[in-house]
Amino acid sequence: GFGAFAGPGHWNDPDMLIIGNFGLSLDQSKAQMALWCMFAAPLIMSADLRSIRPEFQEILLNRNLIKIDQDPMGVQAKRIIKEEYIHVFTRPIMPVYQRNSSMAVAFLNRYNQGTPLKVKFTLQALGLTHPAGYQAYEVFSGTPLGLFKPGDTFSESVNPTGVLLVRFNVVQQSGGVDGNKKAQNDAEGIEIIYPGLSGWKTEF
């Protein structure tokens, strides 16, 4: 894909951010910012800075997101899983330990029926194989989510037309595996839990 052409001095540009221009909801605005940062794209705002609402300004100024966008490795994210509603993107980022990189993982939810979808996966299914594990953080808030080893299961919800962006920082302890080892990335590595009907209707 076009990700192979991205790098220092020649970044792919998917066009301007329209966050704050009233065309996107708050969740959709987070989704656009997250994907632009995963793509290492130029962050060119198009909103009127004199009147932009604080919640959208907060997205555009989020240092955790900008740090991923401007990561020194300069590697653009790849889409590794494409389900009907959930698309998963991974991007290797700093820090690196014994050839094992940290990783940003974005789960884009294209479902628009008003109910979050739950994603459930083991880290090794997404290529995170360092035996000492990874410290996970929700990127928008910076909230620590805990220490996860390759075989551990991670589970979280993704809002409709929104995104879940998680940063997995490699734990810098000895015993790492070869960072060049190829891990299996496929749709079987992630479980997507769809909501049933709620309220008075019987579920089918």
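Predicted model: local features only at pLDDT ≥ 70, side-chain atom pairs only at ≥ 80, totals over all residues.
**Entry 1: a term to settle first**

**Entry 2: the whole chain**

I went through the elements and found 3 helices and 9 strands. Read from the N terminus on, they run α-α-α-β-β-β-β-β-β-β-β-β. I then looked up burial, and buried residues make up 42% of the 204 residues in the protein. For contacts between residues at least 6 apart in sequence, I noted that 69% join residues at least 24 apart.

**Entry 3: the nonpolar cores**

Which residues have the most contacts inside the largest nonpolar core? I found I19, M33, M38, L65, F89, F140 and L165, in a core that has 28 residues. The elements that give two or more residues to this core are α1 (26–38), α2 (54–60), α3 (63–69), β2 (86–97), β3 (100–109) and β8 (163–170). The largest share, 7 residues, comes from α1.

I followed one member, L65, and set aside its neighbours within four places in sequence; what remains in contact with L65 is M33, A34, C37, I59, V139, F140 and L165. Apart from this core I noted another one, of 26 residues, with V105, A136, F148 and I190 among them.

I also looked at F140 from the side of a charged residue, and K30 lies over the face of the F140 ring, at 5.5 Å from the ring centre.

I picked out strand β5, residues 134–138, and sorted its residues by face: Y134, A136 and E138 are on the covered face, while Q135 and Y137 are on the uncovered one.

In which sense does β5 pair with β6? The two strands, with β6 at residues 144–148, pair in the antiparallel sense over 4 bridges. Within that pairing, I found L147 of β6 as the bridge partner of Q135. β5 and β6 form a hairpin with 5 residues between them, and in the turn I noted G142, which has a positive phi of about 80°.

β5 also pairs with β8, again in the antiparallel sense, here over 5 bridges. On that side, E138 stands opposite V166 in β8.

**Entry 4: aromatic rings**

In one of them, Y85 and Y194, the ring centres are 6.0 Å apart and the planes stand at 65°, so I wrote the pair down as edge-to-face. Since Y85 lies in the loop between β1 (78–82) and β2, and Y194 in the segment after β9 (190–193), the pair ties together parts that are 109 residues apart in sequence.

Another pair is F154 and F168, where the centres are 5.7 Å apart and the planes are at 75°, so this pair is edge-to-face as well. F154 is in strand β7 (residues 153–158) and F168 is in strand β8, 14 residues apart.

**Entry 5: two asparagines**

I looked up N109 and found it in strand β3. Its relative accessibility is 1%, so N109 counts as buried. The N109 side chain reaches the backbone oxygen of N159 at 3.1 Å. Not counting residues up to four places away in sequence, N109 touches Y85, I86, L117, V158, N159, P160, T161 and G162.

N12 is found in the segment before α1. What does the side chain of N12 reach? I found the backbone oxygen of F2, at 2.9 Å, and also a polar contact of 2.9 Å that joins the side chains of N12 and Q76. Leaving out residues up to four places away in sequence, I listed F2, G3, A6, A41, P42 and Q76 as the residues that N12 touches.

Conventions:
Residues numbered from 1 in each chain as written. Heavy atoms only, no water. Core = buried A, V, L, I, M, F, W, Y, C linked by side-chain atoms within 4.5 Å. Buried < 20%, exposed > 50% of the residue type's maximum accessible area, 1.4 Å probe, protein only. Contact = heavy atoms within 4.5 Å. Pairing = 2+ DSSP bridges. Phe/Tyr/Trp six-rings, centres within 6.5 Å; stacked < 30°, edge-to-face > 60°. Lys NZ or Arg CZ within 6 Å of the ring centre and 35° of its normal. Polar contact = N/O pair within 3.5 Å; in protein donor to acceptor, adjacent residues only side chain to side chain.
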